[in-house]
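User: I have a structure open and want to go through some side-chain packing. Can we take it question by question?

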Amino acid sequence: MRLDKFIADNSLFTRSEIKRLAKQKRIMVDGSVITNTAVQVSGEETISVEGKNIVEQTHLYLKMHKPQGVVCATSDFENPTVIDELFQQAELENDTQTLLAIEKANLQIVGRLDKDTTGLVLLTTDGEWNHRITSPKSHCDKTYRVQLAQPISAQDIAALTRGITLKGEPKPTKPAKIEQHYDTDISLTISEGKYHQIKRMLAAVGNKVVELHRLKIGEIDLNDIPTQSQYQHLTIQEINQFIYD
């Protein structure tokens, strides 16, 4: 790979800035000043610009606590996005790897939430990992805390745990898992990702979702991010449960 491409791919320097810095003798490869940015590198060399090492970026895996009113999109003209929220937090933390992924538009949102739904959102630069979670074939469990407009009955819970036919759908939903906390407060786990599925499921039994908050995707949970708009890099254990062969 050309030196200028390697630096551009793995930093916030533009090609024109890299060319200028090379002329100023501020780029080094293995301790030697390099003025010709067309030279080939493998990425195993020690490459530095203005004294700062440039390393090849590995895939990024993040979890974030999405606030209400924020949309799961890379850009939106009317509403703040999870990328906007992430950028602000990454700037505060001087998180170069995350800022670089945002700058390069490499981040994918894994399992989107509605604008009015809060809770766990995953982001990654790893498309295969994203597919492992979101593919209908994966049957990945997702757990939500649901506040309802009316008390839920034992009959309604039984219907949801058996699977329920939604309007316009040829087959019933897969069985849900439900834990009731109070009359109008439940935790609900589904393994599908149909459009507005939880709201449609509760509407099908004559109820209405007032608040919806995602707690878990697989074994990745939101327990250690209590503050909205905050994010964390996933641990190896969290990543590996969905890692591809």
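User: Which side chain does T125 join through a polar contact of 3.0 Å?
Analyst: This is a predicted model. T125 sits in the loop between strand 7 (118-124) and helix 5 (127-134). Its side chain also reaches the backbone nitrogen of L60, at 2.8 Å. The side-chain partner at 3.0 Å is H59.

User: Is T125 buried or exposed?
Analyst: Beyond its neighbours within four places in sequence, T125 is in contact with H59, L60, A101, N106 and L107. The cut-off for buried is under 20% relative accessible area. T125 has 18%, so the residue is buried.

User: Which residues do ring pairs link into a cluster?
Analyst: The whole structure holds two aromatic pairs. Y61 and W129 are edge-to-face, 4.9 Å centre to centre with 75° between the planes. W129 and F242 have ring centres 6.0 Å apart and planes at 80°, so this pair is edge-to-face too. The cluster is Y61, W129 and F242.

User: How many residues apart in sequence are the parts that W129 and F242 tie together?
Analyst: W129 counts as buried at 0% relative accessibility, and F242 does at 10%. W129 lies in helix 5, F242 in the segment after helix 8 (236-240). The separation is 113 residues.

User: What arc do the buried residues of helix 7 cover around the axis?
Analyst: In helix 7 (residues 197-204), Q197, I198, M201 and L202 are buried. They lie on the same side of the helix, because their arc around the axis is only 125°.

Key:
Residues numbered from 1 in each chain as written. Predicted model: local features only at pLDDT ≥ 70, side-chain atom pairs only at ≥ 80, totals over all residues. Heavy atoms only, no water. Buried < 20%, exposed > 50% of the residue type's maximum accessible area, 1.4 Å probe, protein only. Helix = DSSP H or I, 4+ residues; strand = E, 2+ residues; numbered from the N terminus. Arc of directions from axis to C-beta. Polar contact = N/O pair within 3.5 Å; in protein donor to acceptor, adjacent residues only side chain to side chain. Contact = heavy atoms within 4.5 Å. Phe/Tyr/Trp six-rings, centres within 6.5 Å; stacked < 30°, edge-to-face > 60°.
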